[in-house]
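Work through these exercises with the model at hand. Try each task before you read its solution.

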2 protein chains.
Amino acid sequence: MEYHRQLGLSPETFETVLDHVERASYEGTEYRHVPDYRRGVERGTVLFDGAVVRGFPKVPRTLVLGAGVPQQFDGPVAVEEKLNGYNTRIARIDGDVLAFSRSGLVCPYTTWFVERRLDLDPLFDDHPDTAVCGEMIGSENPYTPHDYSGVDSLAFRAFDWRDRQSGEPLDVRGRRERYGEYGVPQVRLFGVYDPDDAADELREIIDQLDADDREGIVMKSLDGVTQLKYTTSAANRGDLAYAFSLPFDYGQAFMFRRLIREAFQSIEWNESPEQAHKRAHAVGEAIVLSMTETIERVADGEAVGERHTVRGDPAAIDDLLDHLDAQGLTIDVQADDRVERERDGAERVVTFCKRVQSTNDTIRGYLDGQIVRE
Amino acid sequence: MEYHRQLGLSPETFETVLDHVERASYEGTEYRHVPDYRRGVERGTVLFDGAVVRGFPKVPRTLVLGAGVPQQFDGPVAVEEKLNGYNTRIARIDGDVLAFSRSGLVCPYTTWFVERRLDLDPLFDDHPDTAVCGEMIGSENPYTPHDYSGVDSLAFRAFDWRDRQSGEPLDVRGRRERYGEYGVPQVRLFGVYDPDDAADELREIIDQLDADDREGIVMKSLDGVTQLKYTTSAANRGDLAYAFSLPFDYGQAFMFRRLIREAFQSIEWNESPEQAHKRAHAVGEAIVLSMTETIERVADGEAVGERHTVRGDPAAIDDLLDHLDAQGLTIDVQADDRVERERDGAERVVTFCKRVQSTNDTIRGYLDGQIVRE
């Protein structure tokens, strides 16, 4: 079946989509993907070997739970945990299980992990047209590392089940049941709530997640169609600290949005002056102390960048480094070890740094007295 | 003399400049000005009634005094105070003393103030081609109000003396002497320093200005040509608090630049962890508490905006309000009083608000549960 029919697009609209696809290849197979948000087709949509994997839809956010939840939902709301990792869609195409990134690239490392650590064949045998959607989490990952207690290195948590081609989701209860049957680990379900009446319970969930340094929640209508997200202050601050540790490489809009969220949360939580000051101080620390730490490192002659550790099969790690290289990233390998593990045999553990040119060069320049014309 | 000759431009280059001028009028005289930074001619350059008033040059900034000062200067550096108000150039054209804004508009209110409060005719009689350059400061002004002890409502402080047409500055000592002779108030001169040796003294000046909630310094080569500025943390925080009080109307780059300055200052001051935390907390308060205050006001149904008070001749204030209106600003007059003053007779005191649509609308929307697709 032609791609445009699979996507439900006219040949003409499909032509305009083709103007914005990028080409990539995985193990000798050339494929195309839509790296940016576009009219007519979701970001991350993949055209692979005659098959379509629909991009994962953008999940809108509310800044005020008490107003946003009743605004978005007119029936019961399932509340699941939003994890801080990287979004992955897994599909089986022509017999191969492949893991796609948010923007639609096959990630060889995630693909290796999924093949090795999840047995999805029974699921795909029964439901060949499924995209298994979820978050890859843990401290050892090449994109968004974050410590989760109980997660050793890297783990997968399913949060959606969609038709690969149409992008239609399964309803929440059906999805959780099926993943349970196939033994696929899932994100936590906190409960199902009445949208007009959930504010207090959501607040309690968020408070607990915040105290545990976890990211937030995704709320869903029971049919899985309507989604809404909300994040903890801990997540906002973590993002701010990270962005301001590489201040000239992160978008200013990224930083600004997180500051705005803090202010709205302070208002909705109806904070006392003491609580609001405490929040303000934590935000200030995330901003200023992250920057000063980076400036000090550059002043000391160190190169700053995004540091990651990955662990796994030696060949899979080679493929990952090639994959990052093919995306134009400059990777400095800082450690490359072989570790014997009882369970898995020999593993390779590589720590590398994605070089960020702008933060290094700009800070160096300012430290050397370069002037600013603003 | 033709404009292009006065500007030292070829007729062809002048043609390209003309593509970017804007037209305005003052008391029936149509004039042109260059509102943005352009190749070939300074922002704020004015073509008025056959005369040229050259735009005031952009003053570059250093983020690190110890490195930037020796980098920029190879001889003695005069250090003057940078005041927090609005930049004004005053010129006499065809007998009329006119005050121009940074972008090259005649401000009728500033012009009235200058006519009424400064007697510049002896200066212009002797030096007809001069642009008197300085800062308008004080709590009662329509652009950048800031309290200065000893400044009652509005005041002028000269900081430069330039040839109106060429933009050539007078040397620092000659300039200070001449303004002294003509009785024109000037910015403070802190002293003249060796650039390789000034770091400690500059630090002391900045510390004192910071403690007094004042803005900073401008350093100048003695010939007045090379300029470099540096600001206090108090000024950065004041700007941040103001910008974040109208978060959806201020540029994110404006905010970001001020955060960067704080980090570099913390590093250059070699702060202890306690001092760095204190700075971070103050920055966090400037950001978060300004936003929460604004959100609360919008939640309470108030309209937020830039609030100003001006005081003066009733007709001059009418002209000012018309002038702001002609620039497309929406002005809500909140108080309009008549005050008898012993010295000056009747004065009109008007408090008005420049409406900022985006902050009001966006905050209202989020409070009502509008979702964010980011």
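**Exercise 1. Find the polar contacts between the chains, and the elements behind them.**

Solution. Start with the count: 11 residue pairs, both at pLDDT 80 or more, are in polar contact across the interface of chain A and chain B. A polar contact here is a pair of N or O atoms within 3.5 Å; within protein, one must be able to donate a hydrogen and the other to accept it, and residues adjacent in sequence count only if both atoms are side-chain atoms.

Next, locate the elements. On the side of chain A that touches chain B, at least two residues each come from α3 (65–72), α9 (252–268), α10 (273–299) and α12 (357–367) of chain A. Helices (H or I, at least four residues) and strands (E, at least two) are DSSP runs, numbered from the N terminus. The largest share, 15 residues, belongs to α10(A).

Then sort by class. This side of chain A has 29 nonpolar, 12 polar and 10 charged residues. Ala, Val, Leu, Ile, Met, Phe, Trp, Tyr, Cys and Pro count as nonpolar, Asp, Glu, Lys and Arg as charged, and the others, Gly among them, as polar.

A note on the basis: this is a predicted model, where local features need pLDDT of at least 70, side-chain atom pairs count only at pLDDT 80 or more, and totals for chains, interfaces and linings use all residues. Residues are numbered from 1 along each chain as its sequence is written, chains are lettered from A and ligands numbered from 1 in the order in which they are written, and side-chain values use heavy atoms, with hydrogens and water left out.

**Exercise 2. State how much area chain A and chain B bury, and which residues of chain A lose the most.**

Solution. Count the residues: chain A and chain B each bring 51 residues to the contact (heavy atoms within 4.5 Å). Now the area: about 4600 Å² is buried, with 73% from carbon and sulfur atoms. Buried area is the accessible area (1.4 Å probe) that two parts lose on being put together, summed over both. In chain A, Phe256(A), Ile267(A) and Glu374(A) lose the most, together 15% of what that side buries.

Glu374(A) also pairs by charge. Arg257(B) forms a salt bridge with Glu374(A), with the closest N and O atoms 3.7 Å apart. The rule asks for a side-chain nitrogen of Lys or Arg within 4 Å of a carboxyl oxygen of Asp or Glu. Between the two chains the count is 3 salt bridges.

**Exercise 3. Identify the symmetry that relates the chains.**

Solution. Superpose chain A on chain B: the rotation is 180 degrees, the shift along its axis 0.0 Å and the RMSD 0.0 Å.

**Exercise 4. Describe the contact between domain 1 and domain 2 of chain A.**

Solution. Domain 1 gives 14 residues to the contact and domain 2 gives 10 residues. These two domains bury about 1100 Å², 51% of it on carbon and sulfur atoms.

Technical notes: Least-squares fit on C-alpha atoms with pLDDT ≥ 70 in both.
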